[in-house]
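Hi there,

Here is the structure I promised to pass on. Please have a look at it first, and then read on for my notes.

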Amino acid sequence: MIDIIVAGGGPAGLATAIHAALAGMSVVVVEPRAAPVDKACGEGLMPGGVTALRAMGVEVSGHPLCGIDYVHAATRARAGFGRAPGCGVRRTSLHAALSARAAELGVPVITGKITRARQDARGVEAGGMRARWLVAADGLHSPLRTWLRLGLRDPRPARYGLRRHYHVAPWSDFVEVHWSGTGEAYVTPVGGDLVGVAVLSSERRLYDEHLAAFPGLLRRLTGPAATPVRGAGPLRQRVRSRVAGRILLVGDAAGYTDAITGEGVSLAALSAQALVDCLVADRPQDYERAWRRLSRTHRLLTEALLGVARTPSAARLIVPAAARLPALFTTVVRTLA
């Protein structure tokens, strides 16, 4: 019998499969799309994410990132990551590197989609296979999470993300976060002549309409658009539990707060390792506590930033406050890094 079936071959699913293979477990990934898969995201890896990938034997090539730069009109607040850099990397490049590492370890990837399963005290049946465990790594709007009825409703306004790339030489080695009263624009250098610009907002508008709120950024985007606009959302996904018998949730399927702090891939990689460690020890019940511990700082800081960003008048004060308190801003950035 297979040890683990992973439903979803994105970064979280492939990280789970890689950790399982490194632990000597048999694992199969089921994914409907051919690799590499693109997705609307900020594409900035925190230093912790780069380290987590290297621990799996995954090396990514991209643009070094030195820190975070908050911008509002003429006011800026900049904080460096410290000793280790992050990395701006195209989502397709990241997915290709993870896919190559999984293949190197002999992990089979089957074309298909798992939306439900049947489990008993000894295993799980899904996708025409039987395994000891099923890991749902099927994304922000996880079909398995829906089928298990693990999602919770959230009364707060939904936030959405849009992303496009531009052919222009990066003007900074920092991720720039441009703030307005209605959302944020995240500028990430991902190559020698390519930058990604992602917009997050609770307002449903066209991408170019969002960019109009950042005139200083628009003046920088002198090159042509390199990719079409991609979208994602609603971003917040509240989840009752990450463990349902022999089915465990990882990555965005396990719950998502917001992309405002840019830790998605780092958290997914670390959670995947924690999940596999719990299964190796035959203690799946420990995974919920491990996930909460790993994500605690991310959740608290993200909720705090979102609480301020929801009010336009308060959102305009974020950058001036960070500029007046550089030591605190640097501490927050390095904690996230």
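Helix α7 passes helix α8 in a right-handed crossing. This is a predicted model, so please read everything below as computed from it. α7 and α8 (residues 286-309) pack at an angle of about 160°, and their axes are 9 Å apart. An angle over 145° counts as roughly antiparallel, and α7 and α8 are therefore roughly antiparallel to each other.

If you want to find this contact on your screen, the α7 side consists of Leu267, Leu270, Ser271, Ala274, Leu275 and Cys278. They meet Asp286, Tyr287, Ala290, Trp291, Leu294, Ser295 and His298 of α8. Sorted by class, the contact of α7 with α8 has 9 nonpolar, 3 polar and 1 charged residues.

α7 (residues 264-280) also packs against helix α1 (residues 11-22), at an angle of about 40° and with 8 Å between the axes. That makes α1 oblique to α7. The crossing of α1 and α7 is right-handed. From α1, the residues in contact are Ala12, Ala15, Thr16, His19 and Ala20. From α7, they are Ala268, Ala269, Ala272, Gln273, Leu275 and Val276. Here the classes come to 8 nonpolar, 3 polar and no charged residues.

Now to the aromatic rings. How many aromatic pairs does a search of the whole structure find? There are 2.

One of them joins tyrosine 70 and tryptophan 179: the ring centres are 5.3 Å apart and the planes stand at 65°, so the pair is edge-to-face. Are they buried or exposed? Both tyrosine 70 and tryptophan 179 are buried.

Tyrosine 70 also forms an aromatic pair with phenylalanine 329, and that pair is tilted, at 4.8 Å centre to centre and 50° between the planes. It too links distant parts of the chain: phenylalanine 329 lies in helix α11 (residues 326-336), 259 residues from tyrosine 70 in β5. Phenylalanine 329 is buried, as is tyrosine 70. Taken together, Tyr70, Trp179 and Phe329 form one aromatic cluster.

Methods
Residues numbered from 1 in each chain as written. Predicted model: local features only at pLDDT ≥ 70, side-chain atom pairs only at ≥ 80, totals over all residues. Heavy atoms only, no water. Axes fitted to C-alpha atoms, helices over the stretch in contact; angles between N-to-C directions. Helix = DSSP H or I, 4+ residues; strand = E, 2+ residues; numbered from the N terminus. Parallel < 35°, antiparallel > 145°, perpendicular 65-115°, else oblique. Left-handed = near helix turned anticlockwise from the far one by under 90°. Contact = heavy atoms within 4.5 Å. Nonpolar A, V, L, I, M, F, W, Y, C, P; charged D, E, K, R; others polar. Phe/Tyr/Trp six-rings, centres within 6.5 Å; stacked < 30°, edge-to-face > 60°. Buried < 20%, exposed > 50% of the residue type's maximum accessible area, 1.4 Å probe, protein only.
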